[in-house]
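Let's take a walk through this structure together.

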Amino acid sequence: MSAAPPTTPTRQARLARAAVAALFLTNGAVFFNIVPRYPQIKAELGLSNAVFGTALAAHPIGALLAGLLAGAAIRRFRSARVASLGIVVTTVATLFIPFVPNWVAFGGVLFVVGALDAVVDVAQNAHGLRVQRLYGRSIVNSLHGVWSIGAVLGGLMGSAAAGLGMPLAVHLGISATLFSVTALVAYRFLLPGPEDAERPAEEQDAHLTRRAGRRSFTGAAVRMLAALGVLAACGTLVEDAGASWGALYLSGDLRTDAATAGLAVVALQVAMTVGRLTGDRVVDRFGQRTVVRSGGALAAVGMGAALAMPSVPAALAGFALAGLGVATLVPAAMHTADELPGLPAGAGLTIVSWLLRGGFLLSPPLVGFVADLTSLRVGLLSVVLAGAVTFVLARVLVNRTPA
């Protein structure tokens, strides 16, 4: 039986944590560098809203189609190489955007970027969970918090470049160089060896025995993966509610000005980032099952109260409480999926990540359909429903990080 990880992380563990955090930050920053340039791209290509939206849909479609390949890529090339080199290839793909002649080509580039992002996302989470096993305590929430910081950083870079009138090719060239170098430097400090190297010896034996018997996806495993996929999709539904519908709800139903309406997604994302950066300590103290269940209740009650008493302050508080409530949900679902016994390395994480992206694709039309039939205020009850489902299904989560 292997020894438990030391209480004080080794220098290798600390360097690996910093390196994988750099990958999370870079992954968040690469795509969000592009988003502020969307108005320019749309204008230069002369696209209508409908055609531009169709091109944008290529990103999640590429992610869904390629996402299930991540596990095989990790088993063949290992998570460190897939995550770091995948980021480099993603930045190279973005360099084609300034030269696309039409919406089909633009959609094609976004399809490739989405496909690469899906694979990189699984690989960086797989490696982050390797480092977490080495630490013997929760760190994965902080990694997702760093991703959120990267997304904000990328958005600020893109906004500054747009404000300065910087040519898109120059802007994305700087972005690609900066983040490729970051990913390559980080690769040097990631953990070496096989994906199961940090697991206790008896767990490694159990995984190998199950794989040799080719009975990895038992009925119990399929049910667990389905439950974890629903949990992760609940997290994406809440996040998308702020991004896709928050400003529309405040400006339409509550008749506020555009600047105030934009604070809906800010409130949700800031609260979610704070929850993730502080979530590891809370998870270590109370267990992630308890934290996620409490967070689901907080999201349901907070958003429910905001919708029951419609006002701008209540709405902003509701979105903030929803973001805080689901802050640790997706990392917890990924952690549990990665700990399911008997599955090939990366398989559980790949499937849950794929289902999570399905939530991002299905959430906007679902809420929009309900809103058209009734009102957006009723459509946003989906956040309350997601919180309630999270409260019920949280019992399937692994409660604590093995120490």
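Helices here are DSSP runs of at least four residues, numbered from the N terminus. With that in hand, look at Arg255, which sits in the loop between helix H11 (219-253) and helix H12 (258-261). Keep in mind as you go that this is a predicted model. The phi angle of Arg255 is near 55 degrees, a positive value in a residue other than glycine. Arg255 has a relative accessible area of 72%, so it counts as exposed, the cut-off being over 50%.

Arg78 also has a positive phi, near 75 degrees, and isn't a glycine either. You'll find Arg78 in the loop between helix H5 (70-77) and helix H6 (79-94). Its relative accessibility is 40%, so Arg78 counts as partly exposed.

Now for the charged pairs. How many salt bridges does a search of the whole structure find? The search finds three. One of them joins Glu195 to Arg130, with the closest N and O atoms 3.8 Å apart. This pair links distant parts of the chain: Glu195 is in the loop between H9 and helix H10 (201-212), Arg130 is in helix H7 (residues 103-135), and 65 residues separate them. Glu195 is buried at 10% relative accessible area, and Arg130 is buried at 1%.

Next, find Arg133, which forms a salt bridge with Asp338, the closest N and O atoms being 3.0 Å apart. Here helix H7, holding Arg133, is linked to helix H16 (residues 329-339), holding Asp338, across 205 residues of chain. Arg133 also meets Glu339 in a salt bridge, at 3.2 Å from N to O. Glu339 is in helix H16 too, 206 residues from Arg133. Put together, Arg133, Asp338 and Glu339 make up a network of salt bridges. Is Arg133 buried or exposed? Its relative accessible area is 11%, so Arg133 is buried. Glu339, at 16%, is buried as well.

Out on the surface, Leu15, Val181, Val185 and Phe189 form a nonpolar patch with about 300 Å² of accessible area together. Val181 belongs to helix H9 (residues 168-187) and is partly exposed, at 47%.

Last stop: Ser382, in helix H19 (residues 381-393). Ser382 is buried, at 14%. Beyond its neighbours within four places in sequence, Ser382 is in contact with Leu237 and Val367.

Definitions and conventions. Residues are numbered from 1 along each chain as its sequence is written. This is a predicted model: local features need pLDDT of at least 70, side-chain atom pairs count only at pLDDT 80 or more; totals for chains, interfaces and linings use all residues. Side-chain values use heavy atoms; hydrogens and water are left out. Helices (H or I, at least four residues) and strands (E, at least two) are DSSP runs, numbered from the N terminus. Buried means under 20% relative accessible area, exposed over 50%, partly exposed in between (1.4 Å probe, protein chains only). Contact means heavy atoms within 4.5 Å. Patches are made of residues with over 30% relative accessible area and no salt bridge: like charges are joined within 9 Å, nonpolar side chains (Val, Leu, Ile, Met, Phe, Trp, Tyr) within 5 Å. Accessible areas come from the Shrake-Rupley method with a 1.4 Å probe; for residues, only the protein chains shown count as cover. A salt bridge is a side-chain nitrogen of Lys or Arg within 4 Å of a carboxyl oxygen of Asp or Glu.
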